[in-house]
Amino acid sequence: MSKLKGKVAVVTGASKGIGAAIAKALAAEGASVIVNYASSKAGAEKVVAAITAAGGKAVAVGGDVSKAAEAQAIIAAAIKNYGRLDILVNNSGVYEFAPLEAVTEDSFHRMFNINVLGLLLVSQAAAKHLGAGGSIINIGSGVSRITPPSSAVYTATKGAVDAITGVLARELGPKKIRVNSINPGVVETEGTHTGGFIGSDFEKGIVAQTPLGRTGQPADIAPVAVFLASDDSAWLTGEQLLASGGLR
Ligand SMILES: NC(=O)c1ccc[n+]([C@@H]2O[C@H](COP(=O)([O-])OP(=O)(O)OC[C@H]3O[C@@H](n4cnc5c(N)ncnc54)[C@H](OP(=O)(O)O)[C@@H]3O)[C@@H](O)[C@H]2O)c1
């Protein structure tokens with residue numbers, strides 16, 4: 001299949017989890033992909049090796065999205081390696097749940113810096129290179145609607161992502177650049193394992209309320225990103241697609 005033949009994509013935080021699955025799916029549709037990582041170089045190289053082995057094109061590029069110079073360098077790598085940019089997936093994100101009494105300045109700034117400032121900095125750098133037909137896909141979260149207890153800071157970052165998706169859809173619409181978000185429910189990833197979500201009562205409660213009755217997998221999210229990256233969604237902008245097995 002080649003829905004994205006000739007296109008160039010940047011996926012932030014693609015060394016594992018949802019980002020890795022999206023990078024592979026975009027490459028499988030013909031896009032050349034910048035596989036960004038922050039600390040997991042080996043993980044990103046593994047994703048690149050899988051893409052290359054399947055006949056696709058990808059390069060691993062390190063960089064912390066929350067630092068302006070590094071955000072610019074991630075985008076510059078797309079231009080340097082492939083000469084253009086068509087698709088940006090703002091996937092990098094961190095999550096820590098904590099009750100109100102455990103909220104700290106450090107955890108607030110860490111989550112807002114990566115989940116919100118990082119998304120803005122990479123989008124700012126990308127917007128200079130995206131042209132008509134360009135697509136920005138933000139990975140939000142179902143939490144912005146569900147507002148689970150003990151998630152005030154993380155949920156606030158994803159509420160900000162929803163808001164930014166709407167604002168940038170209007171701001172970049174005149175340049176024919178589309179901006180949408182995918183808002184997943186709980187997805188089994190390295191991050192949700194390390195964070196203790198998988199196997200927890202929280203996960204069991206979420207599954208019990210999910211019409212399709214299970215936890216999501218990265219492979220459930222990746223095709224939605226392909227749809228939003230491709231011309232199949234040419235008339236969609238400013239949308240928040242809940243990818244949560246029906247949990248809302
Ligand atoms: N999993 C879920 O249940 C779920 C549900 C809804 C939304 N989401 C959202 O989906 C996205 C991915 O989640 P995930 O579960 O796949 O996470 P994950 O397994 O923890 O992976 C996170 C990715 O983000 C990267 N990252 C972290 N800090 C970064 C930084 N400063 N600069 C660049 N990259 C950075 C990590 O890179 P390194 O490993 O190289 O450090 C890694 O590639 C996040 O935005 C998350 O909020 C997840």
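Before the first selection, a word on terms: two strands pair if DSSP finds at least two bridges between them. Helices (H or I, at least four residues) and strands (E, at least two) are DSSP runs, numbered from the N terminus. What you're looking at is a predicted model, where local features need pLDDT of at least 70, side-chain atom pairs count only at pLDDT 80 or more, and totals for chains, interfaces and linings use all residues. Residue numbers start from 1 along each chain as its sequence is written.

**Stop 1: the sheet**

Select the strands. There are seven of them in an open sheet, ordered β3-β2-β1-β4-β5-β6-β7, with parallel pairing. The edges belong to β3 (57-62) and β7 (240-243); each has a single partner strand, so one side of each has no neighbour in the sheet. From one strand to the next, the twist averages 20°. For that and the angles below, axes are lines fitted to C-alpha atoms, for helices over the stretch in contact, and angles run from 0 to 180 degrees between N-to-C directions.

Zoom in on β2 and β3, which run parallel and are joined by six bridges. Pick Tyr-37 and you'll find its bridge partner, Gly-62, in β3.

**Stop 2: helices on the sheet**

Touching here means residue contact: two residues are in contact if their C-beta atoms, placed from the backbone, lie within 7 Å.

Next, show residues 218-229, helix α9. It also packs on the sheet, touching β1 (8-11), β4 (87-90), β5 (135-139), β6 (178-184) and β7, and its direction makes about 170° with that of β6.

**Stop 3: α1 against α9**

Among the contact residues are Ala-21 and Ala-25 of α1, and Ile-221 and Ala-222 of α9. The contact divides into 14 nonpolar residues, one polar and no charged; here Ala, Val, Leu, Ile, Met, Phe, Trp, Tyr, Cys and Pro count as nonpolar, Asp, Glu, Lys and Arg as charged, and the others, Gly among them, as polar.

**Stop 4: α4 and its partners**

Select residues 105-127 for α4 and 152-172 for α6: the axes come within 9 Å and cross at roughly 15°. The two are therefore roughly parallel to each other. This contact has 14 nonpolar residues, four polar and no charged.

**Stop 5: around the ligand**

Which of the 33 residues around the ligand come nearest? Gly-13, Gly-17, Ser-40, Gly-93 and Gly-191. A residue is near a molecule or strand if its C-beta atom, placed from the backbone, lies within 6 Å of it. Colour the shell by class and you get twelve nonpolar, 18 polar and three charged residues.

Key: Angles under 35 degrees count as roughly parallel, over 145 as roughly antiparallel, 65 to 115 as roughly perpendicular and the rest as oblique.
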